[in-house]
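Hi everyone, thanks for coming. I'd like to take a few minutes to walk you through one structure, so let me put it on the screen.

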Amino acid sequence: MAIGYQQENRIFSLDTAHTSYQMKVDDFGFLLHLYYGGRVYGNMDYLLTCYDRGFSGNPSDVGNDRTYSMDVLPQEYPVMGIGDFRNSALVIRNADGSDCCDLRYVGHETKKEKYRLPGLPAVYADSGEAETLEIYLEDKTGGVRVTLLYGVLEEADIITRSAVIENRGGKGVTVEKAASACLDFLTGRYDLLSFYGRHTMERNLQREEIRHGTYAIGSRRGASSHQYNPAVILADRNTTEEAGSCYGLVFVYSGNFLCEAERDQFDQTRVLMGLQSDLFHYPLEPGEKLVVPETILCYSDRGLGTLSARFHHCIGAHLCRGKYRDASRPVLLNSWEAAYFSFDGSTILKLAESAADLGIDMIVMDDGWFGKREDDNSGLGDWHVNENKLGCSLKELTEKVNKAGVKFGIWIEPEMVSEDSELYRKHPDWVLRIPGREPVRCRNQLVLDFSRTDVRDYIFGQICSILNQGNIAYVKWDMNRSIVDVYSMENCQGKVTYDYMLGVYDFLEKLLAGYPDVLIEGCSGGGGRFDAGMLYYTPQIWCSDNTDALDRLRIQYGTSFFYPASTVGSHVSAVPNHQTGRSVSLHTRGVVAMAGAFGYELDPAKLTEDEKEAVREQIRQYKSWEALIRKGRYYRLTDPFAEPCAAWMFVSEEKDRALVSVVMLEMHGNMTVSYVRMRGLDPQAVYRDSKSGRCYYGADLMEAGLPMPVELKEYPAYQIGLVRQA
Ligand code: GLA
């Protein structure tokens with residue numbers, strides 16, 4: 001049984017295959033956190049200590065005992081206003097203007113399946129794979145009830161947390177801040193690994209010691225953002241890829257978030273993950289509820305690699321859904337870097353014909369096919385096909401593309417509107433905009449108020465009418481600006497950022513229900529909304545608008561800490577690269593793009609015959625490894641920020657096949673040799689390098705590694721396919 005409760009000392013334990021999590025209801029009804037880490041067997045309440053700590057308040061329940069303070073004790077869901085001066089998981093503003101919520105245990109329930117969250121993405125599991133614990137806490141004075149939700153996926157070593165805030169009192173309250181997970185550590189010194197970036201340079205790893213004070217990352221941009229990914233790792237200071245303790249927190253949400261890490265006065269550490277408190281004042285009238293998006297927790301005592309593998313499994317098998325969760329993904333050719341806005345129907349058809357010639361499965365018609373959209377200053381919101389530009393109807397175009405032997409996909413950006421559009425001229429009140437102020441523009445577009453059902457319904461109807469026009473197998477869902485003017489003409493203001501996100505999810509859910517066979521790829525200027533929330537709806541996301549192979553190595557490295565390769569949209573583009581001006585060989589570009597859902601982003605007509613043949617071979621190679629890349633265990637073999645080469649590998653579950661990829665990042669005179677040590681192979685087994693035919697023991701490749709050739713070229717790449725010998 002994954003969830004246990006001892007009535008006599010009111011201790012809850014959540015056990016997975018390799019981890020344990022414990023908490024306790026104390027004599028006063030406070031829910032204290034006891035332990036999270038490697039598997040333990042006893043009651044961990046002996047870890048709690050109480051001393052008289054000056055200036056740390058004591059609840060009135062304890063009488064004259066000055067040793068009991070919420071400012072020092074580890075808690076499951078710390079609240080503002082009861083004497084804990086550290087960061088709070090929950091801040092409630094009561095009707096009288098006070099910020100206080102004294103939560104005490106009132107009951108609990110366990111269930112044999114994983115909870116679901118209404119309107120929000122969440123980890124799911126088949127019956128028998130997961131259990132749920134619900135703990136009810138209440139503030140008697142104010143009437144707020146909090147239900148803490150714990151999902152335990154025993155075999156997967158995953159614990160999920162969420163919270164439902166409910167106003168059971170007689171007066172309105174406002175939720176000013178709400179997290180779904182808090183981890184309190186009594187002892188230990190930790191690094192926080194977070195993933196910062198910018199447009200076209202997402203998810204760079206930053207590793208910093210958590211010191212006294214608060215270190216916070218988050219987003220106020222309306223989307224999870226290019227700038228900080230909503231996922232962090234807390235690691236022992238000496239934890240590496242292969243050894244040491246670490247904890248991961250992944251927020252299953254695509255909007256504004258806040259993650260705070262704090263070392264307190266007694267060197268205890270607290271980490272919180274939840275909704276961003278800025279631009280958020282969520283009113284709850286009596287009887288109303290707020291559901292806080294889920295955080296996925298995972299612990300590994302075997303380093304960062306194992307932590308990532310557990311997240312990859314959880315996200316790939318328990319969060320991504322639909323037909324494409326387990327199906328091989330089409331190799332696609334996207335028109336964006338091939339033609340930008342300058343195309344017509346015959347351009348698309350030519351791309352489709354050359355795609356067919358090269359062995360590509362699908363052509364995607366990117367931005368520019370609708371309304372008045374000759375550039376990115378107009379047309380968004382007018383979701384009707386520009387037949388003048390295409391020279392034919394969408395139906396005709398898709399038929400021709402299909403006839404050429406490839407599938408057809410299309411780009412949309414449903415959340416946006418251009419001021420220069422029919423839609424905006426007709427419904428200027430449909431955008432997020434503060435009355436009496438000029439809106440802030442970004443890519444010359446405004447954001448539709450997706451917190452409103454009427455606005456969503458209208459756009460949904462438009463998008464469906466497009467999808468109904470032809471045989472459309474794929475949709476790229478883009479979102480190309482941050483939200484600034486957080487004001488709705490219809491909705492209550494403090495709710496807008498949250499309700500907007502729920503509106504997007506609602507739209508996506510309906511789209512999936514209506515078009516279950518369509519593959520939807522997420523995108524927000526590349527990886528500006530690359531998060532676990534979106535992956536519930538879109539099993540792959542365009543990883544970055546930066547297609548430069550060398551930059552991509554680093555972007556994909558950062559992405560790999562949480563998200564499996566199957567979710568990473570990754571394409572070969574033309575050189576010189578459009579984002580960096582750098583030229584890298586076609587082979588190297590192919591090797592880098594094969595670390596994800598593979599495709600092309602170039603005009604094949606500009607390739608030489610030799611290059612075309614090389615592309616055909618690349619696709620054959622990719623297809624032969626596709627299942628391994630999508631389902632195999634992924635290992636980071638080097639750190640491309642610190643080492644002279646980037647190396648990673650995929651190993652099949654049975655350990656009978658492996659694909660090792662290496663890209664040399666540095667070139668110097670009289671070069672030293674790089675040895676790449678492999679991981680995850682069967683040490684006793686003999687593996688054959690499918691290209692050279694040479695055989696090696698797994699142990700030899702893992703212990704001593706393989707020397708990479710020294711070649712007089714820039715950024716050479718090597719792909720080593722290993723097949724276990726009988
Ligand atoms: C975003 C996407 C690109 C492309 C353009 C089209 O930047 O990330 O891939 O679709 O929009 O405008």
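Predicted model: local features only at pLDDT ≥ 70, side-chain atom pairs only at ≥ 80, totals over all residues.

With that, let's go to strand S14, residues 231–236. Which strands does S14 pair with? On one hand there is S11, residues 190–198, which pairs with S14 in the antiparallel sense over four bridges. In that pairing, Tyr190 stands opposite Asp236 of S14. Then there is S15, residues 246–251, also antiparallel to S14, this time over five bridges. Here you can find Ala235 opposite Cys246 of S15. S14 is mostly covered, with five of its six residues buried.

Now over to the ligand. Which residues come nearest to it? There are 13 residues around the ligand, and the nearest of them are Asp366, Asp367, Lys476, Gly526 and Asp545. Let me point out some polar atoms. In Asp545, a side-chain N or O atom is 2.4 Å from an oxygen atom of the ligand. For Asp367, a polar side-chain atom lies 2.6 Å from a ligand oxygen. Asp478 also has a polar side-chain atom by a ligand oxygen, at 2.9 Å. As for cover, the ligand on its own has 310 Å² of accessible area, and the protein covers 97% of that.

Next, helix H12, which runs over residues 609–631. How far apart should its ends be? With 23 residues at 1.5 Å a residue, we expect a span of 33 Å, and the end C-alpha atoms are 33 Å apart, so the two agree. Do look at Trp625, though, where H12 bends by about 55°. Trp625 is also among the buried residues of this helix. Others on that list include Lys612, Arg616 and Glu626, along with Val615, Ile619 and Leu628.

Last stop: another tryptophan, Trp648, which sits in strand S31, residues 645–651. Is Trp648 buried or exposed? Its relative accessibility is 6%, and since buried means under 20%, Trp648 counts as buried. If you follow the chain, Met678 is 30 residues away from Trp648, yet their C-alpha atoms are separated by 8.4 Å.

Notes:
Residues numbered from 1 in each chain as written. Heavy atoms only, no water. Helix = DSSP H or I, 4+ residues; strand = E, 2+ residues; numbered from the N terminus. Expected span 1.5 Å × (residues − 1). Bend = angle between axes of the 7 residues up to and from the residue. Buried < 20%, exposed > 50% of the residue type's maximum accessible area, 1.4 Å probe, protein only. Pairing = 2+ DSSP bridges. Near = heavy atom within 4 Å. Polar contact = N/O pair within 3.5 Å; in protein donor to acceptor, adjacent residues only side chain to side chain. Areas by Shrake-Rupley, 256 points an atom, 1.4 Å probe, with all protein chains shown as cover.
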